[in-house]
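Reader: Please take a close look at one part here: the contacts made by a single chain. Keep it brisk, and give me the cut-off behind each term.

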Amino acid sequence: MKRFIGFVKKEFYHIFRDKRSMFILFGMPIAQILLFGFAITNEINNVELGILDKSKDHETLKIINKINASEYFTIENVVENENEIEAVFKKGEVKAFLVFEEGFAENLHALHKGKIQVITDATEPNTANTIVNYVQSIIQHYQQELNSTSDMGVQIDIQTRMFFNTELKSVFNFLPGVMTVILMLVSAMMTSISITREKELGTMEILLVSPLKPVQVVVGKVFPYIFLSIINALVILILGVTVFGMPIEGSLILLAFETVLFIITALSLGILISTIAETQQAAMMISLMGLMLPVILLSEFIFPISSMPDLLQYISHFIPAKWFIIILKGIMLKGVGLIYLWKETVILIVMAVFLIALSIKKYKIRLE
Amino acid sequence: MSITLKNITKSYKKVTAVDDISFEVKPGELFGLIGPDGAGKTTLFRILTTLLFADKGEATVAGYDVVKDYKEIRKSVGYMPGRFSLYQDLTVEENLEFFATIFGTTIEENYDLIKDIYVQIEPFKKRRAGKLSGGMKQKLALSCALIHKPKVLFLDEPTTGVDPVSRKEFWDMLKRLNDKGITTLVSTPYMDEAALCDRIALIQEGKILKIDSPSNIIDQHEKQIYNVEAKDMYQLIQNLKEFPENESVYAFGEFVHYTHSNENFHPEKLEKFLSERDHKNISIKPTSPSIEDVFMDLARKKDVKPTENEA
Amino acid sequence: MKPEETVIEVENLTKKFGDFTAVNEISFKTYKGEIFGFLGANGAGKTTAMKMLIGISKPTSGEASVTGLDVFSQPDQIKKNIGYMSQKFSMYDDLTIKENITFFGGIYGLDRKTIKNKIKQIIESLGLEEVANKLVGALPLGWKQKLAFSVALLHDPKIVFLDEPTGGVDPITRRQFWELIYKQASQGTTIFVTTHYMDEAEYCDRVSIMVEGKIEALDTPKNLKTEYKVDSMDGVFLKLARNIE
């Protein structure tokens, strides 16, 4: 045990004395998160709107004027036909379209119901989301005004439709992805680099020719990173919650458990890489090409898996990150518990056990 | 026996790094493996320290088999690999402490063993190992290899790339350790260091050329060597190579070492030969061989043989 | 003595890193066709001094010229006019002998025909006919170093800098290497060489010994041995370094 503690102490010295490590460990997660903070702003100002008014009555005119009068929107384009909408979007002239149904005012008075459709250009998902919210609040305000002057009890129904990026991805959807990528990077890349560094220096030879058991060396190398990865996960979550108002609907304990499980899976991948790579550079390349790319591309982080070719969909099943992102979204956004996430959890456990077994088996006690 | 090797052979792909090597190191001995880069010294060290499997042959260290009892060996040997394998970002003190803990001991426990060496670097104990000079790194690496009081000490080229002063200091330390009874196997490409070992093995291209004590090796060398001196060194070498029945002509410090291929050598004839070729201040004197002379003689004979066979 | 052509001229050359003075006001000259041994303990400032002379490190103060070019203002020209070879890097292991020569010839701006001639000449003089198309990595160290020396001379520089050219090389090849050096020097090339083998110091025409950033001794090996009353360069070196400590 004393040997182990001595070993772990040494690892912490390495980490705290290497500026590059410290940056990857702490600078990068914070930078990443804040980058999102700047990229995804919640403020909108004078956003260009398009109008398709099939009714052209006094009610639609009032609503259009109200929207145009607000500081948030300017009416930029008026079309007569549904078919023109896409062309206008493609030119990028407007960010959203308001479509009034035929006979809007009549419906409102006779049926106490009116329909307005908001179509957004969702290539900028967060802006699209915000536009919908703002339009909604202006129209609701109008509805309240109507109801307070008469007791009709009208209801204006707002339907939203997305163009281009039908599955709206916002910061809430990105955050679990960012967290997954960072944990993968820190855990897998940093461990593989720290083990190969000893190979490069030649100190691995001395460690091998010492009474330390291979398991002690591996666990000693990995232990500090478990600890640091947990801190990292915490930092990301706290920033997510405080800066972006990210909800954590589900159980914190379950979230912690799943995170540690994923960290362990990533660490064993790191050990596995270090058994193949002889140099720090090789370890870095393998981590980036072999782990980061699949994690970013095949985990639903950026691209929807459902629209990928069958082969890629099949491969994505073997990416631990994919399952972890599902779990994270489940817990944080939907607030579901283990009853709904047991399948993904079991898959992660199986992967972790398999990878640990494999990396211990492949860990060389000799130089060949 | 502290170390035994029997018919050890090891190949990498097509290259035979170690070719059927056998020798023994007695307890308390300071044994030197002397040979240039690529002779197979490091491979031998790695086989003995259980880092590599030999293709053929058997070996034991401190009575343990290098294959079966590798765990025991790893507990009882000290190993200093070719590069000074230290943690560059840890201080002198932290490095030493780390190696002490992983071997389950403390600096205090075996301090008297490393004291002589460590006091020289102690003033810099708060300095990171990466910032030490070559000589100091070498001393620290030795301290780290010694901290658990190993039964056998393996030093793979501890003096390579180190200046002559540090090299001399290092050998003085090895001598003192040897007096304390620690069996040491050390390798070096510097032939002049051979004389400081109890026994040496001259090794080249995976084969042992000779094993014996340095003095025996020199005594057994029968070839008479002549120190030849003249003003123009380069021209002297060229002309000596033209002298009939010459065997070897090698520059050696300020002299040229000359050997003749038969017994009928007459210095006067050579002197005449050289002065006819405009050499000034010619001097030809018999001298005793050094380990390097013997090494070159043996290496040359080994090289000559296969071509003779082919012819 | 006839007036000799100066190839390196160094006057109070100094290099400081922060508070630390690595090279402290060194001065010396080397001449055409001279073998100049540049010795010193690890950390004595040898490497730093050499880096300034080959134009890859800017001196803090002092003056120095190499083949008549100023190290402050013309480092790039210096690089074109000198040969350099070190123990650590000399050739690309994953290129063949011919490819290496072609590559380095190209770097120094030799035309195709010259490169072709040089390849032929080098391969013949070193007896490498059979391995000319083999990867350099497969050659024994000694051959590699001899080849590297020839490559450093591809563009017929007036001076060639050799940084521990024979480290780890077997004793016979080491001597063959020195015979190459002698031959080159006799043709008028200046050789600036560092080594840890003290017997090699004796092969030099003149030797300088650096101790803690300063040149403490500079003379022919013979004069140095007489001055320090020892019978080998090893003795000179030990005496000098010990005195300082």
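Author: Contact here means heavy atoms within 4.5 Å. On that rule, the contact between chains B and C takes 32 residues from chain B and 31 residues from chain C. The model is predicted: local features need pLDDT of at least 70, side-chain atom pairs count only at pLDDT 80 or more, and totals for chains, interfaces and linings use all residues. Residues are numbered from 1 along each chain as its sequence is written, chains are lettered from A and ligands numbered from 1 in the order in which they are written, and side-chain values use heavy atoms, with hydrogens and water left out.

Stay with chain C for now. Chain B and chain C bury about 2,600 Å² between them, 59% of it on carbon and sulfur atoms. Buried area is the accessible area (1.4 Å probe) that two parts lose on being put together, summed over both. Pro164(B), Val165(B) and Tyr234(B) supply 22% of what chain B buries against chain C, more than any other three residues.

Now the charges. The interface of chain B and chain C holds 5 salt bridges, each a side-chain nitrogen of Lys or Arg within 4 Å of a carboxyl oxygen of Asp or Glu. Lys241(B) pairs with Glu179(C) in a salt bridge, with the closest N and O atoms 2.5 Å apart. On the chain B side, α6 (164–179), α8 (233–242), β12 (246–252) and α10 (291–310) each supply at least two residues. Helices (H or I, at least four residues) and strands (E, at least two) are DSSP runs, numbered from the N terminus. That side of chain B divides into 17 nonpolar, 5 polar and 10 charged residues. Ala, Val, Leu, Ile, Met, Phe, Trp, Tyr, Cys and Pro count as nonpolar, Asp, Glu, Lys and Arg as charged, and the others, Gly among them, as polar.

Turn to chain A. Here the contact takes 33 residues from chain B and 27 residues from chain A. These two chains bury about 2,900 Å², with 60% of it on carbon and sulfur atoms. Arg74(B), Tyr87(B) and Ile102(B) supply 22% of the area chain B buries against chain A, more than any other three residues. The salt bridges between chain B and chain A number 3. Arg46(B) and Glu205(A) meet in a salt bridge through their side chains, at 2.8 Å from N to O. The elements of chain B that give two or more residues to the side touching chain A are α2 (70–76), β6 (77–80) and α3 (92–102). Of these, α3(B) brings the largest share, 6 residues. By class, the side of chain B that touches chain A has 16 nonpolar, 8 polar and 9 charged residues.
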